[in-house]
Amino acid sequence: MDIVVVGGGKLGEDILHGLIKEGHNLTLIDNDPRVIDDLIDEVDIKGVVGNGVDVEVQRQANVQNAQVFIAASPHDEVNIISAMIAKTLGAEFLIVRVRNQAFTAQQGFIQSNLGIDYLINQDRAAANDIIQVIDYPSATFVEPFYHDRMHLIKVRIMEKSRIVNQYIRDIRRFIPEVIVVAVERNGETLIPDGNSILLSGDFVEIFAKRKALQDFFVAAGHKKVKRYRSALIVGGSRINHYLIPVLHARGIHTRLIELDKNRASELANQFTNTEVIYDDGTDQYVLNEQRVENFDLLLTLTNSDEENLMVSLYGKNAGVRKTITKVNRPGLIRLIDDSKLDVILSPRKAIVDAVTRHVRSIASTQSDKLEHYARLSDNKTAVLEFVLSPDCKILGTPIKDMTFRPGLMIGLIVRNKEMVIPSGDDTFIPGDHVLVIDTEDQIRNFNDIVVNKNRRDSE
C-alpha cells in the first residue's frame, strides 16, 4: 500500500521502521531536510520537505493516491488539519496522533465529523497498560484480546517454585485451564509443547481463565496479593492525567515527585488528593527521604529512560513490591540486570503495534479480519487475533492434520464467548476468534498459517 507519514520525530521514525517491514511504499513529510535525509539512509522511503498542512506539499507526496495517511508530528493541530486536507485530497484511511486531553475527550466527535479513522494518544494508552499490570499483581505484561475479555499474561517463574523443572504437560494436569503459548529464556522466545520444561527465571506468556490464572501464579512462586494500596510516581508526565484518577478509583494512595516547579504546581492543583512533591525524584537522598521502601508501587515516568531504569532498580532493592518503568529505547535494557525489574513499559512500541494492526486490517481479506496485534518484549514475536468468516480457506480441518509454518502456534480459540484451549481434534468454524503466536512476525493473513496443501480449496 501507499502510505504517507507526516512527522519524522521519534514516533514517526518508529512507525516508519515498523511499516517498512510490511512491504509498503512509504513517503515522509517533514520540515527538516536533515531528518528526511537521515531516515532515507536508514529505511527505503521517499521524502518530501515541507509543512504537512501545505496542500501542495501533500500533493507532491502523492497523498491523493495514498491508502493510509498517518499524522505523527509533535503538534496536535498540525496533525488534525493535515489529516483533514489529506481526506479532501483523497487519502482513504487516516491515523492521527494527539496528546492534548481536550482532543482526546472529543474523540468520538472528531472521528465522526472530521473523517479521521483512528486517534493515537500514547499517554492514554500507556496509562491503560499500567492499570492492566496493576490489576494483575504477579504479571509483568498484560495484553487484552477479544474486546478486553481475554488477556495474555506474562509471568516470571520464581526460584524453587512448584513448577520449576516441570514438563508443561504435567502442569496442565493440575491446572488444566491454562495454556503456555511462549517461553522467554536468555533473550530468546520459544514456542513450547507438552514436553517443554520450565526453568527458574523463565518468563512465560499464558492464556487462562481467572481462577486458573491465580492457581498458576501461586504455582510459579508468587504470593497472593489482594491489591495495592500506595504508589510513588517519579515524573509528572502527561500519562498522569489519565493514570492518577484510575489509581484513586482503585483506592490507591498516590504521591508524585516532579522536578519542574510549574509542572508540580499544575499537577497539585489538578489532583488535590495526590501528594505532589517539588523535588528531584531521581536523587537517592530524596527517595530515602520519601521512604520509597514503604510504597507498594513505584512508577518511573520521567522523560529519561536511563533515569527511569536506575530509579526503579534502586526502589526494587529498597523493598518496593512492584516497579513499573517507562522505557522507549528497549536496547538500554540489555545493558543492565533487568531481572530485578518487574514491568518495563514502552509507550511508543505500543502505539507502533496499534498502527501496524490498523494498517494490516486495511490490507487483510474479509475471510480473516485482524482484530488485534501486539509484539512481545523481544520485538519479533507477535500475537495476532483473527476473526474468521465463512470464506476462510482452512475451516473444517482438524488442527492435528494441519502443517503449520515454523515458529507458529494456535494459542487460543474464543467461540461463542467461551475460551477453547485448542487440541488436535478441534477445527475452525466461522465466527471464531483465533489467537496466533508467531515468533518471526511473518503472518499477514490467517490462511497463511499453514502450507497450501492443507487449505480446503487445494484438496
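At what angle do helix α7 and helix α14 pack, and how far apart are their axes? The model is predicted, so local features need pLDDT of at least 70 and side-chain atom pairs count only at pLDDT 80 or more, while totals for chains, interfaces and linings use all residues. Residues are numbered from 1 along each chain as its sequence is written, and side-chain values use heavy atoms, with hydrogens and water left out.

**View 1. Packing of helix α7 (residues 122–135) with helix α14 (residues 347–363).** The two helices pack at an angle of about 105°, with their axes 9 Å apart; axes are lines fitted to C-alpha atoms, for helices over the stretch in contact, and angles run from 0 to 180 degrees between N-to-C directions. Helices (H or I, at least four residues) and strands (E, at least two) are DSSP runs, numbered from the N terminus. α7 and α14 are therefore roughly perpendicular to each other, a term for angles of 65 to 115 degrees.

**View 2. The open sheet of six strands.** The strands follow the order β14-β13-β12-β15-β16-β17, with parallel pairing, where two strands pair if DSSP finds at least two bridges between them. β14 (275–278) and β17 (343–345) stand at the edges, each with a single partner strand, so one side of each has no neighbour in the sheet.

**View 3. The pairing of strand β12 (residues 230–234) with strand β13 (residues 253–258).** These strands pair in the parallel sense over five bridges, and L232 stands opposite R255 in β13.

How values were computed:
Parallel < 35°, antiparallel > 145°, perpendicular 65-115°, else oblique.
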